[in-house]
Amino acid sequence: VAVLLPFLCCLGPAAAGKLLVIPMEGSHWLSMKEVLAELSKRGHEMVVIAPDSKMLIDSSRMYELKTYPVPFKKEEMEELLHSFSTDCFSEEPFLMRFFNTWNHFRKSSDMFQASCSSLLYNKEMMKYIEESKFDAVFTDPLTPCGQIIALHFSIPTVFFLRGVPCAIDIRAAQSPDPPSYVPRMFSLNTDHMTFPQRVKNFLISLSEFFTCSIVFSSFESLASDFLQKPITLPQLLSHGSIWLKRLDFVFEYPTPVMPNMIFIGGINCGQKKPLSQ
């Protein structure tokens with residue numbers, strides 16, 4: 001006890017950190033903003049970096065907002081997100097839904113890649129990030145720009161996500177993801193599949209490898225050029241420290257997870273007014 005007391009006297013309370021926030025536009029931001037509000041209450045200093053064509057990302061007393069120019073207008077982003085929401089509620093046949101969604105992801109990937117490139121090669125912004133000495137990067141890996149910056153400056157990353165297409169997030173975290181048991185996107189299968197359904201699930205998982213390699217190839221090329229080494233998207237995201245997943249097994253089929261994956265599905269449930277009689 002006599003030896004430990006001097007060391008205990010040297011311990012202080014946990015200090016607040018400095019957080020670099022690189023968010024995803026649209027509804028993703030609305031959930032992330034709830035986390036930032038809580039972090040602000042706990043004394044953390046936060047800087048949000050967003051394109052100047054932002055839609056929902058706004059200024060706030062909770063954080064400092066910095067913007068950078070991008071080669072597209074706000075209206076183009078709004079039109080893209082509107083078309084995606086329309087496809088989500090489509091009742092068209094499987095192949096039609098699959099190709100429509102693939103086409104949408106390809107278009108959105110090109111736009112987000114252009115935005116990311118504008119940030120990475122903005123010398124003034126990169127110099128600011130380097131000199132600010134951030135403790136961590138808080139980002140949505142659906143667009144891996146935040147992770148590219150984190151890896152470039154050797155900053156730990158906290159991911160905030162619902163999921164990444166083609167289960168790239170699962171592969172990046174090295175979680176088991178057997179197609180015989182885990183239903184694939186658009187399959188409409190449950191976790192109790194017949195043999196034909198398992199075959200269909202397996203074929204979808206094979207197609208994901210080719211479609212997503214095309215959709216995300218622009219990001220992989222950008223990351224490889226900027227980091228000056230060849231790197232794939234799963235390899236890039238594998239450096240994430242913590243995965244905050246907006247999921248809950250009440251609504252999702254149970255799947256294997258890794259110890260650094262934390263489920264925060266309840267954050268999507270906003271406080272609404274009670275229904276009238």
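1. Let's start with Thr-139, which is buried because its relative accessible area is 2% (buried means under 20% relative accessible area, exposed over 50%, partly exposed in between, using a 1.4 Å probe and protein chains only). You'll find Thr-139 in strand E4; helices (H or I, at least four residues) and strands (E, at least two) are DSSP runs, numbered from the N terminus. Its side chain reaches the backbone oxygen of Ile-22 at 2.7 Å. Ile-22 also turns up among the contacts of Thr-139, along with Met-32, Gly-146, Gln-147, Thr-157, Val-158, Phe-159 and Phe-160, once neighbours within four places in sequence are left aside (contact means heavy atoms within 4.5 Å). Thr-139 and Phe-160 sit 21 residues apart in sequence, yet 6.0 Å apart in space, C-alpha to C-alpha.

2. A word on what you're looking at. This is a predicted model, where local features need pLDDT of at least 70 and side-chain atom pairs count only at pLDDT 80 or more, while totals for chains, interfaces and linings use all residues. Residues are numbered from 1 along each chain as its sequence is written, and side-chain values use heavy atoms, with hydrogens and water left out.

3. Now the overall picture. The protein has 10 helices and 7 strands, and 42% of its 277 residues are buried. Of the contacts with a separation of 6 or more, 59% are between residues 24 or more positions apart.

4. Not counting residues up to four places away in sequence, His-28 touches Asp-140, Leu-142, Phe-160 and Arg-246.

5. On to the nonpolar packing. In soluble globular proteins, nonpolar side chains tend to be buried together. A nonpolar core here is a set of buried Ala, Val, Leu, Ile, Met, Phe, Trp, Tyr and Cys residues joined through side-chain atoms within 4.5 Å. The largest one has 50 residues, and Ile-129 and Ile-149 touch the most other members. Helix H4 (residues 94-120) gives this core its largest share, 6 residues. Beyond its neighbours within four places in sequence, Ile-149 is in contact with Leu-20, Ile-22, Leu-119, Leu-120, Met-126 and Ile-129. Another core, of 15 residues, lies apart from the largest one, and its members include Leu-19, Val-35, Leu-36 and Val-48.

6. Grid points are joined across faces, edges and corners, and a volume is the space filled by probe spheres set on the points. By this rule there are 2 cavities of 30 Å³ or more. The largest cavity holds about 200 Å³ of space. Its lining comprises 19 residues, with Pro-23, Pro-51, Tyr-68, Phe-112 and Ser-115 nearest the centre. Strand E2 (45-51) and H4 are the elements that give two or more residues to this lining.

7. The second largest pocket has about 180 Å³ of space. Its lining includes Gly-17, Lys-18, Leu-19, Val-35, His-44, Asp-135 and Val-158. Strand E1 (18-22), H2 and strand E4 (136-139) each supply at least two of the lining residues.

8. Finally, some backbone angles to check. Ser-154 is not a glycine but has a positive phi of about 55°. Ser-154 lies in the loop between helix H6 (145-153) and strand E5 (157-161), and is exposed because its relative accessible area is 66%. Ala-167 likewise has a positive phi, near 55°, in a residue other than glycine. Its place is in the loop between E5 and helix H7 (168-172), and Ala-167 counts as buried because its relative accessibility is 19%.

Definitions and conventions: 1 Å grid on protein atoms, 1.4 Å probe; cavity = no way out; pocket = protein on both sides within 12 Å on 5 of 7 lines; lining within 4 Å. Polar contact = N/O pair within 3.5 Å; in protein donor to acceptor, adjacent residues only side chain to side chain.
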